[in-house]
Amino acid sequence: MTSDAPRPPPRRRFFGAFGQRELKGLFWQALVVGIAVAVIAFLWSNTVTNLSARRITTGFAFLGREAGMPIADSLLAYNPRDSYLWAFVVGIANTLRVAVIGIVLATILGTVIGISRLSANWLLSRLAAVYVETLRDIPLLLQLLFWYVLMQALPAARAAWRPIEGVFLSNRGLILPAIPIGTPQLWVLGTAVLGLVVFYVIQRRLIAQQMRDGKPRPAWPFGLGLLVGLPAAVSVLLGVPWTIEWPGLRGFNFVGGLTLAPEYFALLIALVTYTSAFIAEIVRSGIQSVPRGQWDAANALGLRRSFMLRQIILPQALRVIVPPMTSQYLNLTKNSSLAVAIGYQDVVSIANTTLNQTGQAIEAIALIMAVFLTISLGISFFMNWYNSRIALVER
Amino acid sequence: MTAIADIPEAPRTARPQIGNPVLRWLRTNLFSSIPNGILSVVLLAVLAKTIFSFAQWGIANAVWLTPANDSSACRAVRGVGACWAIIPEKYRFILFGTYPFDEQWRPALAVLLFIALFYLSTRRALWRRELAYLWIAALALISLLMWGGILGLTFVSQDRWGGLPVTLILATFGLAFGFPLGILVALGRRSKLPAIRSLSVLYVELIRGVPLVSLLFMASVMFPLFMPNGFNIDKLLRAQVAIILFAGAYLAEVIRGGLQAVARGQYEAADALGLSYWRKNRLIVLPQAIRHVIPPAVNTFIAFFKDTSLVLIIGIFDLLTTAKTAIIDPAWQQFSVEVYIFVAGIYFVFCFAMSRYSRSLEATSGR
């Protein structure tokens, strides 16, 4: 620019404050929203016409009616005379029973296999690699059907396998010894939880003190006292009976103990083994992401192996591990819906039966979606909170 | 766990390279320490036992062939030997379902075309515009083969299709339509326009938050309610739509990752050239973004190739459903394990080839 004269202000366009860019943006948004609204309105009007033609009333009033469907295996007490609403609650509990236990077991198995893949033992690492490749490349539904067929091919109750005393494996499922939990036992468990909370607070205080003066203060004596000693003392003082209920064979069926039905057991095995293959890869890449120099530095300081892993390697590996792990937990939870293929009554299976009995398709599917969206959001929320806690704080 | 102690191998002191190379290998890889040696012995024992009992069941005591429709030889060895005879007996039903028996060369040819198409698409030298035309031509040819009705081919309606071609159709069309959908949604999610951005987010989160089973139920049960009276679309097509919507949401997230990896300067350079939004994306941003995401996109494709098997739940005759139906036959009912192993082998070959390919891409795309 050679001239010193101030530039004239830009000319105001026709639409006042709006420039051409904004106008274009408005146009595209109006177009897309318009199309979306038009499609929804079209589908909505069709649905309303169809529903009235088929004399289906909409709404959730049917939830109060008697369900009349049998639920073979449930965590919560259920009777076919209960309402559809209660049947759904029972189904949600069954879904959570598979998902929560599945997530815990898949994490443990996946971590073991992921670490095995990195082992210096050639045989172990090869076997772990074969496990991962095989399970990842076969559809979960096929694996589920396979496990279910194997469950059904197990011997009958009378000829059940007994791998260990008190454990029976037969075509009735897996039967384990159980500890009956009543009010006195709950008191002891309550003290243990309280002990855990107190232990957490003490541990934080000890770490804060160490930060100040650098003197290490072991936390384990407190842990032992609060988590083992305290519940044991309460147990002895109150005289809580910790009896084990051993299952036994009476006639043609088992009595006592904890029964995992074949459907539940097959679903759990399929979900755990399949997901563990993916978790193994995540754990492996997480550990490999920690630079060699960290190991060397820890070695040079003469730290113990366990301390090195716990305090140096794992915290760094977790940053890489946690986000993809979240998606695996979500996948496992969503995949539990395959239960419908083998007749384990999770929330999807119960919604499907409801849909067939009442014709309330929209409501039943909306309920499935609402349940899974809630669970997914819950898991994401918790894992994101955990992730933000362990994330690297930069500058 | 002794294993964890070994993770990044501790720098080994250089041992004198003497002795038998086999012994040396065994020493470094299996017997480097006492716990490692014990572990190796235990694993070897377990492995040997497993292989031995599997060979006994699957090879030594197995029945390979029986006279047509006669399972007595298999029943005789039940429990001690495998009945592979069920595969020659049922393989045509498992592979092609209820497609007319005499016309089964057509779906067989369609499967070969699919495989050739996949193979050509993996060659980097062929990633040109012509490949897109090839895809369109091949998909048209496959539809022609499957439906027939012209050129002297008898017409076969969609409800008689089944087996492997259906699995490949669901997966391939899911990819072919899901990918462009994914690109649009990914662009929408990064758009500056709030309405478009929130619609894209809503779509992705809704689809990814619910199980595929519920989307398939929606396609099979609710779709007829959504459509005007008298408008009927085929069950297979409805499932296909659900799979496209599903694939679109997952691919959108993959592509979004690629878009984020394109350097800011590239956008700015395109803006400086005065390119319009669409030209900027088509010519500058998307080619780079897509190159970044080919390996994860292949992995997503593997995942949803496997997930197409879920159409079993709404009664569509894909490969898994035909396998499950083949063993309903009372004479052969007890030999489902053999059939599942056979079908698992087919899925494995496809997925393993894709995962190997994705790994080779990751290795060569270091650039």
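**Exercise 1. Work out how many residues of chain A and chain B are in contact, and what the interface is made of.**

Step 1: counting a contact as heavy atoms within 4.5 Å, one finds 58 residues of chain A touching 66 residues of chain B. This is a predicted model, in which local features need pLDDT of at least 70 and side-chain atom pairs count only at pLDDT 80 or more, while totals for chains, interfaces and linings use all residues. Residues are numbered from 1 along each chain as its sequence is written, and side-chain values use heavy atoms, with hydrogens and water left out.

Step 2: the area buried between chain A and chain B (the accessible area, 1.4 Å probe, that two parts lose on being put together, summed over both) is about 5600 Å², and carbon and sulfur atoms give 75% of that.

Step 3: with a salt bridge taken as a side-chain nitrogen of Lys or Arg within 4 Å of a carboxyl oxygen of Asp or Glu, the rule finds one across the interface of chain A and chain B. E133(A) forms a salt bridge with R359(B), and their closest N and O atoms are 3.0 Å apart.

**Exercise 2. Decide whether L151(B) is buried or exposed, and describe its backbone.**

Step 1: L151(B) sits in the loop between α6 (129-147) and α7 (164-189) of chain B, where helices are DSSP runs (H or I, at least four residues) numbered from the N terminus.

Step 2: its phi is near 55°, a positive value in a residue other than glycine.

Step 3: L151(B) counts as exposed because its relative accessibility is 72%, given that buried means under 20%, exposed over 50% and partly exposed in between (1.4 Å probe, protein chains only).

Definitions and conventions
Chains lettered and ligands numbered in written order. Helix = DSSP H or I, 4+ residues; strand = E, 2+ residues; numbered from the N terminus.
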